[in-house]
Amino acid sequence: MTTDDDHPPSRRVRRHPAADPPVALLTGASSGIGAATADRLAAARWRLLLSGTDQTRLDAVAVRTGGRPLPADLAKPDGAQRLVEAAHAAAGRVDALVASAGIGWRGPFARTPADTLDRMLEVNLAAPLRLTRLLLPGMLERGRGRIVLLGSMAGQVGVRDEAVYAATKAGLTMFAESLWYELRGTGVGVRLILPGAVETPFFATRGTDYQRERPRPVSPEAVADIVHDALTTSRDRVFVPHWLDYPARLHGAAPGLFRRMASRFG
C-alpha cells in the first residue's frame, strides 16, 4: 500500500540539513536484518543508535557504521525504557525507530517452554510497543518521524509449530494497522515490513534450520533496502519478496482453501 497521508502538505519535503543528519534507533542491530539495515542507513548518512544483546557483534557493527552501541535486553520489562533513556542521552532525539529485534522457537505449542514463550512475547511484541510509546510523543511534537516494524509472513497466514512467533507478529501487524489511523496527517508515519524467510542467524538461534522448499530465504540486505525505502518513501506495508502479498490475500479471502493448499504443498 502506498500513501502520502502521514505527510501534511507543508511537511512533505522536510529534510534535515547536512550538518544535522536524521537519527535512527535500530534494535536487533548486532546481526541479521538489523546489522544489514545499519550498513544501509550508514551509507545514506544516517546517525545510528544500535541496540542488541551480543556486545561483541554490536561493537563490530558500530565500528563499521560509525554508530553508537547501546546494549539492551528487551526481554526485560524495563529494557525499552532503559534503551530510550540511553538513546536520548546519546543523541537528544530519535527520528526513526527500526524495530528488527526478534526471537523464535519451533515445535508443538504444548511443548513450548514457558520462559521461551514469555521472551518471545516481550521481545517480539511488547518491546516494539513500549519503544513506540516512549518515542512517539517526541516525534509528534516535532511533526516528523518514522516507526518501522519488522513483522513476518508468519503473522499473516500462521505457521505450523510456530504458533507463538506467528501470534506475536500478527499482533505487531494489527498494532501497525491501528496506529496508522491515529498518525494520519501528523507527519509521523508507521511502516510495516513483512518478510518471508531471511538468511539470518534466526533459524540457528531458534533451534531448527529452515526446512521448507518455498519460499526460499532472501538476503538480509534485500530487507534492509526495503527498510531504507520505507524510511524515505510513503510505502507503508511491504512484503519481501513482493509476491508474498498474493498468498496473504488468498488467506484473507479464502482461509479454508489456503489451509488445504498449505497442507498439500508445505
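This is a predicted model: local features need pLDDT of at least 70, side-chain atom pairs count only at pLDDT 80 or more; totals for chains, interfaces and linings use all residues.
**Exercise 1.** Which residues is Ile-193 in contact with, leaving aside its neighbours within four places in sequence?

*Solution.* 
- Step 1: Start with Val-148, Leu-149, Leu-150, Gly-151 and Ser-152, which are among the contacts of Ile-193.
- Step 2: Take a look at Leu-150: it is 43 residues from Ile-193 along the chain, yet their C-alpha atoms are separated by 5.0 Å.

**Exercise 2.** Is the peptide bond from Val-240 to Pro-241 cis or trans, and where is the place of Pro-241?

*Solution.* 
- Step 1: Read omega, which is near -5°; the bond is cis.
- Step 2: Locate Pro-241 in the loop between β7 (237-240) and α9 (245-253).

**Exercise 3.** Arg-45 and Asp-161 are next. Is Arg-45 buried, partly exposed or exposed, and what does Asp-161 count as?

*Solution.* 
- Step 1: Check the backbone. Arg-45 has a positive phi of about 70°, and Asp-161 has one of about 65°, although neither is a glycine.
- Step 2: Arg-45 is in the loop between α1 and β2, while Asp-161 is in the loop between α5 and α6.
- Step 3: Exposed means over 50%, so Arg-45, at 69%, is exposed. Asp-161, at 26%, counts as partly exposed.

Note on methods
Residues are numbered from 1 along each chain as its sequence is written. Side-chain values use heavy atoms; hydrogens and water are left out. Contact means heavy atoms within 4.5 Å. Helices (H or I, at least four residues) and strands (E, at least two) are DSSP runs, numbered from the N terminus. Buried means under 20% relative accessible area, exposed over 50%, partly exposed in between (1.4 Å probe, protein chains only).
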